[in-house]
Amino acid sequence: MQSTVVPTTYSRTNPFQAQVLKNENLNGAGSSKETRHLELSLKGSDLSYVPGDCLGIIPENDPELVASLLEEMKWDAELPVSVSKQGDTLPLKEALATHFEITLLTKKIIQQAAGLSDNEELQKLVSDENINQLKEYADGRDLLDLLRDFGPWKASALEIVSLLRKMPPRLYSIASSIAANPEEVHLTIGAVRYTANGRERKGVCSVQCAERLQEGDTLPVFIQQNKHFNLPESQDKDIIMVGPGTGIAPFRSFIQERAVNKAPGRSWLFFGDQHSASDFLYQNELEKYQKDGVLTRLEVAFSRDSAQKVYVQHKMLENSKELFEWLENGAYFYVCGDKQYMAKDVHNTLIDVIEKEGSMTREAAEAYLNGMQEQGRYQRDVY
């Protein structure tokens with residue numbers, strides 16, 4: 001009797017170890033940003049994706065932060081810690097590095113930690129009347145802050161670690177088309193670094209990719225489908241893409257896919273960042289696509305290159321007549337990037353354009369955009 005080999009299915013719970021083929025900084029000299037272009041091999045994984053999908057990465061914590069925690073609490077790095085219901089254990093140092101979320105605090109963690117310390121400040125912070133202060137404290141602080149601020153602790157390492165959540169995966173918009181790059185997946189990741197409450201902070205996954213990931217290393221990954229952000233089924237449809245900064249990622253994938261398929265539909269990209277000289281991500285590629293006619297139009301906005309800050313929404317207004325003509329012709333409109341400011345500004349500007357060029361009331365322009373959304377012609381991938 002022949003034994004059949006069951007193919008492994010890679011998923012969030014069983015990620016694929018993808019080899020790093022390329023890891024480079026897309027920003028030029030003098031930029032205040034660091035944006036990594038990552039190329040990973042999917043060879044042997046059977047994983048596939050379509051433009052618009054995301055790649056999940058299971059990251060690791062900064063070894064320096066782990067070392068600071070062990071030192072602060074005088075914990076034994078080799079202490080076995082349970083990391084699963086089945087009773088699997090890891091040495092504490094490794095568990096803190098690979099398994100637990102240590103850079104985010106939740107209300108729940110702080111409330112539970114209050115039971116492990118007699119610190120009066122902490123008891124006050126978790127009392128019902130101080131709920132706003134508690135939220136404020138949790139924002140932008142991590143486990144090391146909590147342990148430093150509210151000792152002495154009358155708890156073992158295991159008791160404190162038992163409060164922690166499992167490290168959640170980080171999701172990134174895929175920046176490549178598998179048709180153009182068989183067995184590969186590309187990402188565009190902005191390294192997150194800032195100072196808060198007297199300490200340097202680093203994005204867990206983005207800074208791992210920027211500082212500690214070499215070509216040849218592997219990363220645990222899985223594909224996360226994104227049902228609400230896809231190219232039109234018909235390749236005849238026009239597409240308008242607004243993706244400043246790392247928001248360019250899925251649109252690189254869209255453009256590559258359409259180039260391979262020789263799609264007849266027109267495409268228009270609005271890209272923006274700080275400086276043209278150092279922050280024009282994928283400039284050569286995009287200009288070549290434009291020259292080859294794959295990208296019909298390319299509008300760029302560099303906010304720090306002029307006295308008045310120019311953003312993508314300003315470029316939309318400058319081209320409002322053509323923009324509305326494209327929409328009237330059935331174009332799909334996509335936005336990717338910052339949810340807090342950019343996506344709201346683009347949304348409001350889109351209504352301005354429809355109101356002005358369509359000679360409509362504000363209400364009618366909003367209804368027009370709602371109609372586009374219902375038809376799947378207005379799609380957003382914002383974070």
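Colleague: Which exposed residues does the face of H13 turned away from its buried side carry?

Modeller: In this predicted model, that face of H13 carries Lys321 and Glu328. The buried residues of the helix, which spans residues 320-328, are Ser320, Leu323, Phe324, Trp326 and Leu327.

Colleague: Why is Asp145 called buried?

Modeller: Buried means under 20% relative accessible area. Asp145 has a relative accessibility of 5%, so Asp145 counts as buried. Arg201, with a relative accessible area of 6%, is buried as well.

Colleague: What makes the contact between Asp145 and Arg201 a salt bridge?

Modeller: A side-chain nitrogen of Lys or Arg must lie within 4 Å of a carboxyl oxygen of Asp or Glu. The N to O value for Asp145 and Arg201 is 2.7 Å, so the pair meets the criterion. Asp145 lies in helix H6 and Arg201 in strand E9, so the pair ties together parts that are 56 residues apart in sequence.

Colleague: How do you know that Arg201 forms a salt bridge with Asp142?

Modeller: The closest N and O atoms of Arg201 and Asp142 are 3.8 Å apart, which is within 4 Å, so this pair also qualifies. Both residues are buried.

Conventions. Residues are numbered from 1 along each chain as its sequence is written. This is a predicted model: local features need pLDDT of at least 70, side-chain atom pairs count only at pLDDT 80 or more; totals for chains, interfaces and linings use all residues. Side-chain values use heavy atoms; hydrogens and water are left out. Buried means under 20% relative accessible area, exposed over 50%, partly exposed in between (1.4 Å probe, protein chains only). Helices (H or I, at least four residues) and strands (E, at least two) are DSSP runs, numbered from the N terminus.
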